[in-house]
Amino acid sequence: MRVKAISTSDVCTVISVQPAKCPVYDQHRNVEFLGQFQTVTKQGAITVQKTNYPGGYFFVVVVVQPTDKDCLGKAVHLVPIQNMTSQFVLHSDKNRSKEITITVETILPLSEYWKPIVTTVAVLLSFYVITGFIILVQSKRKKAQDSENLEEQVRILGEEENRNSIPFAQNQTAGSSKYGTAGDVSGNSEMRSHPLSQIPEHEADLDEDDIDMLEDVNEEKEIYRTKTAICVGDLARKKPKTLDRKYKLYYWNILTIAVFYALPAVQLVMTYQAVLNMSGNEDMCYYNFLCAMPLGQISAFNNVFSNIGYVMLGILYLMIVWKKHHIHKQAMTSDSEKAKTCGIPKHFGMFYALGIALVMEGVLSASYHVCPNSSNYQFDTAFMYIIAGLGMLMLYQQRHPDVNANAYAAFATFAAVIFVAFLGVVFVSIYFYIAFAVLHVITCLAVSTQIYYMGTWKLDLGMFKRALIIIRTELCKCAKPVYIDRMIVLTVANAINWSIMIFSLAKVPKDFNSYLLAIFLVNLLLYVAFYIIMKVRYGERLIPAVVVIVVMALVVWGLALNFYFRALTGWEKTAALSRESNGPCLLMRFYDGHDVWHILSAAALFLSFLLVLLMDEDLDGKNRMKIPVF
């Protein structure tokens, strides 16, 4: 059952649930000595389990605190009103009384937990069933198409044999009479195919070293990467095995990081939970107390279990990537020319890394929700930074496989981001936001330069001199940009990022981690939108499956964000003020709004990852030298 406390006054109060025995601790000095307790202003709730109160009886104790420091984080100014026996009697300049309504209500019993749990798992398993059905249909369709192609080839070969079949004698005579002609034709054809056949006879004996064949065009990246119209073939010159090894490092690195990051995180939050259970201090963890469904030692099992969507859909995504990887390897081992020269170069290492990151987001978000507070909020967001960063790198890899960042540089950058997030929690202030704004601008300019010049711009001490030359020769003379598309998208992206920076300086939000995550997600959204717009502009079509996924992802993201912005807790506040935002269960008397956000955002991320995986399937039959880079 749950003990609820409701009041219209914000006077700081301690609500305590104690075993029904003497003595009763009902003074502000000792009310925290026994049972469960929490500070309350206008709203509070304590979930009571029978295992903690043998016999099923308990006392509810309400104590008004002498000051509001415990609830508001600051003390009320006290003034002396009377001098008695050389001592000041102090009291607050507020009336320290409070009207409060206590309600005891039943919650979903433990024996009924299986219903929401089974329903959630069934909904998630439906993704597996639908995916398996689609793969089965596509496999049958492909086999039928391959069978038709084989029959067509056999038919054509049969017709050619019929046309060429003549009596042996005639064939021998014809062959004898035309032997020289056939030989001449063969010889002429061979001469036509020879590279020197077009050279005049008096020049055919020239030394080849005297002729500049411009081979450096194919070797020097500064030449072929700076063309005004670059194709994917220009940026896919490295050997596929070399790139496969490069991108394999992504999922090996993220697996290593996941193990070393997750184990201490789980250990820490379980320690928090154990301390809460022993001390009864419910101000330690920022639950939605109006919908905290306990199970065993876990105070809010619903908040933990609702993260199963990330894990199950992450595993499903890994299975889909493995299936596509297997098909691609079969095509490559069969020495298919189409697989080697057509479509976007397929390297699956980063896709595997995305799937692993989605699974780990579920593990670490569940860990955070064991005992959510400011000390461990980083666990909830760390892999969201990685997911957003990998999403942008994945899109960039599609058309820039040779120039994309390697795993070591990418994860070193993610480590720096998480370190900055840590500083934002510990040292949040206007001065920190000013320093971060400077870093943000420098990062935007550096990344924009690398993207604009396709990796040919070197980051060294000479870059300032080169930048000055470009400003003097191009910007000051209002020269037209060489790469207009890139310039437009980079200008828009920088304008949006600078606007976010100005907003942060004006508002100085206390939740720096969410602010930093918003920067990543906004940039990812911009890149996805730009990618789709450019595909349409260059006449590339979106296959029907991709259109359906885009629509579904937008709908699910909209619903998910609607629940996310219903802030039910706030670790940046005091525990008492955080409880003012608590709300009742919304779904099956088990899940609250934040739980629904977990489930919907897992589905939205899964659909978004599918979009990245399937977005360029329409190009599988197109030569890479005809696929534009943007």
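User: Is Phe 565 buried or exposed?

Analyst: Keep in mind that we're looking at a predicted model here. Phe 565 has a relative accessible area of 65%, and the cut-off for exposed is over 50%. So Phe 565 counts as exposed.

User: What about Tyr 564, with its 29% relative accessibility?

Analyst: Buried would need a value under 20%, and exposed one over 50%. Tyr 564 comes out at 29%, so it falls in between and counts as partly exposed.

User: Which kind of pair do the rings of Tyr 564 and Phe 565 make?

Analyst: Their centres lie 5.4 Å apart, with the planes at 75°. Planes over 60 degrees apart count as edge-to-face. So the pair of Tyr 564 and Phe 565 is edge-to-face.

User: And which kind of aromatic pair do Phe 348 and Phe 351 form?

Analyst: Both Phe 348 and Phe 351 are buried. Their rings sit 6.1 Å apart, centre to centre, with 45° between the planes. Under 30 degrees would be stacked and over 60 edge-to-face. That leaves the Phe 348 and Phe 351 pair as tilted.

User: Which ring has the charged end of Arg 537 over it?

Analyst: The cut-off for distance is within 6 Å of the ring centre. The charged end of Arg 537 is 5.7 Å from the centre in question. The ring belongs to Tyr 538.

User: What volume does the largest cavity have?

Analyst: Searching the whole structure turns up one cavity of 30 Å³ or more. Its lining has 14 residues, and Phe 351 is one of those closest to the centre. The lining splits into six nonpolar, three polar and five charged residues. As for the volume, it's about 170 Å³.

Terms used
Residues numbered from 1 in each chain as written. Predicted model: local features only at pLDDT ≥ 70, side-chain atom pairs only at ≥ 80, totals over all residues. Heavy atoms only, no water. Phe/Tyr/Trp six-rings, centres within 6.5 Å; stacked < 30°, edge-to-face > 60°. Buried < 20%, exposed > 50% of the residue type's maximum accessible area, 1.4 Å probe, protein only. Lys NZ or Arg CZ within 6 Å of the ring centre and 35° of its normal. 1 Å grid on protein atoms, 1.4 Å probe; cavity = no way out; pocket = protein on both sides within 12 Å on 5 of 7 lines; lining within 4 Å. Points joined across faces, edges and corners; volume = space filled by probe spheres on them. Nonpolar A, V, L, I, M, F, W, Y, C, P; charged D, E, K, R; others polar.
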